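Please examine the sequence and the structure before reading on.

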Amino acid sequence: MKAILLILLILTSLPSLADDAKDKKQDPKAKEVEAIVEKSDELVIQGKIDESLALCLKASQMLKDVKDLEAHISVYNNLGVIYRRRNMNDSAIYYYNRAMDCAVEYGDDEWLTTLALNLSVFYHNLKHFKDAEKYLDIAVRHSAKLDDESMSFYCWQMGAMIKSAAGKLQESIEYSRKAWALANGKDGNDDMRLRCIPAMASVFDDLGKTDSVFHYISVGNKLLATCDNEITCIGFIQARVEMDYRHERWRDALSGMLLFAGKTSSGTLNSSIYQKIANCYYHLADYRKAYCYMDSARMFTDSLASKDMEAKLAEFNVKYETKEKDMALALAREQHAELRMQRTAWALIGSIVAAILIVVILVIRHRHRLRVMFIRQCAEMNEARQYIIGLEDERKRMAKELHDGIANDLLGMSMKIANVSTPEEMKSMQSDIDRLRSEVRNISHGMMPPDFSRLNLNEILNAYVSGLELGEGVKIDYRYREDNRWDSLPKSVAYEVFRIAQECISNAVKHSGADLITLSLTVEDNAATGLLHISDNGHGMSEPRQGEGQGLGIVDERVKSLNGRISYDSDEQGTSIKLVFPIKV
């Protein structure tokens, strides 16, 4: 983020030196080049890098007929800036050096200051801090010869950031103070003050002075309201977001990062921003969004190989464009055999480059296929694991019901049989046998897997409720209504809803003391959501969600697998359970 801030500042802060050049008569070609450079500057500020590059390359072809060194400096400087923005560092340094050579010959301190600042930022972003400091010192030395406070301000302001990155905090503080003094002087303004704050905040953060960091951030927030320079505002906001992220102010950092995500063509920057956004969501406990942004970061990272190759090919073409034309003139004077050999060599180079590009594309496609296969295998393994866990939970529940219910009842009946002596006792025993038979039948009926190949969820619930044998005075009212929309419900969803209904009905029968249980299944929200409603007129649950048993724990796991939600409402007049689940997947 610091790198982008520096580039934005250097592109927009420096004055247009072509406008302040020495007054002298220019030839028509030089004036035409100057007009092209001015148009190129406007396109760079607008973010239209490709259009600006095309204009500058056109201007560079015209320089052979232009003797004005300032025109050469302007074109080469702009090409250096543009290629730096495109991450084509070899081409950028080539044109920066050509511009610097011309500026030294021209002897203009304003141009030497400007180019030295550009080169110091360039090497800073490459983390070559020794070279960055060297060019910064050159810029400071030449700006001292000028009677231009704005140029001095930019030297101190850029110097504060470069010295801070190099770990020279005391020098960075000194530069920050000088820049701040100029920003608050008679020629200072809010825009200059706002430009100072990112470097000052960074220095104080490196010194561990958190209070000073956020003091200046608060000052910047006030200046932001009156600043009309969009680039300055963006630079400050980026610095503020970075400070919020460093100090774990996750919500503030997240709101700022979301503004910048996807607004840059740099895959490396997008990957870094998305990783930080994912980390913010993780600390804010929004794990689903954290996963999505981390996956996006991996996508950008995986795509860097092909983007780097494209950049190198473009760099190759531009780097040798001028040399090819010079070579064509030389080859025209050489023998025919040598010309044919040169053409053969270029053809071979082109074939090698094409082969490398094809290999890179194939490798990227293969990696993508492997990643898709891995994700699919993980999903299948997770599904199988959840299925096994579900089976084990069902077995435990059924074993508990058999042990705690039927086994104890059989023991009691055995003791009664040993002591039966009257017809009344025999009749009571017959009633116990009938009740026990009903319980066994209900358990067996509940364990049978539903056949969704012939019936839909609505029909299976109706069949299940109709087949239950309950005690005297207990009734289940299922509001059954034909609806062909249930036919398209996925079997996996229907199965989970059916098992949830089983568990809730079983709990109502065993624990509520109700004599009426009502069950309904409806479609709402334009056939996008299903609603299962189960209620009873029992005595209710004193604490519906506290101390929940194994059955309700299984219900919650099934609800999660559906991506649905369930609610419990219970009082002394009964219990109401509502399950909402998606029916379109």
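In this predicted model, Ser 60 has a relative accessible area of 19%. Because buried means under 20% relative accessible area, Ser 60 counts as buried. The residue lies in helix H3. When its neighbours within four places in sequence are set aside, Ser 60 is in contact with Val 75 and Leu 79.

| Residue | Relative accessible area | Class |
|---|---|---|
| Ser 60 | 19% | buried |

The packing of the helices comes next. Two packed helices are described by the angle between their axes and the distance between the axes. Helix H3 spans residues 49-62 and helix H4 spans residues 69-85. Their axes come within 10 Å and cross at roughly 150°. The crossing of H3 and H4 is left-handed. On the side of H3, the contact is made by Ile 49, Ser 52, Leu 53, Cys 56, Leu 57, Ala 59 and Ser 60. On the side of H4, Val 75, Asn 78, Leu 79, Ile 82, Tyr 83 and Arg 85 take part. Of the residues in this contact, nine are nonpolar, three are polar and one is charged.

How many disulfides does the count give? A disulfide is a covalent bond between the sulfur atoms of two cysteines. With a pair of cysteine sulfur atoms required to be within 2.5 Å, the count comes to zero disulfides.

Conventions. Residues are numbered from 1 along each chain as its sequence is written. This is a predicted model: local features need pLDDT of at least 70, side-chain atom pairs count only at pLDDT 80 or more; totals for chains, interfaces and linings use all residues. Side-chain values use heavy atoms; hydrogens and water are left out. Axes are lines fitted to C-alpha atoms, for helices over the stretch in contact, and angles run from 0 to 180 degrees between N-to-C directions. Helices (H or I, at least four residues) and strands (E, at least two) are DSSP runs, numbered from the N terminus. A crossing is left-handed if the near helix is turned anticlockwise from the far one by less than a right angle, and right-handed if clockwise. Contact means heavy atoms within 4.5 Å. Ala, Val, Leu, Ile, Met, Phe, Trp, Tyr, Cys and Pro count as nonpolar, Asp, Glu, Lys and Arg as charged, and the others, Gly among them, as polar. Buried means under 20% relative accessible area, exposed over 50%, partly exposed in between (1.4 Å probe, protein chains only).
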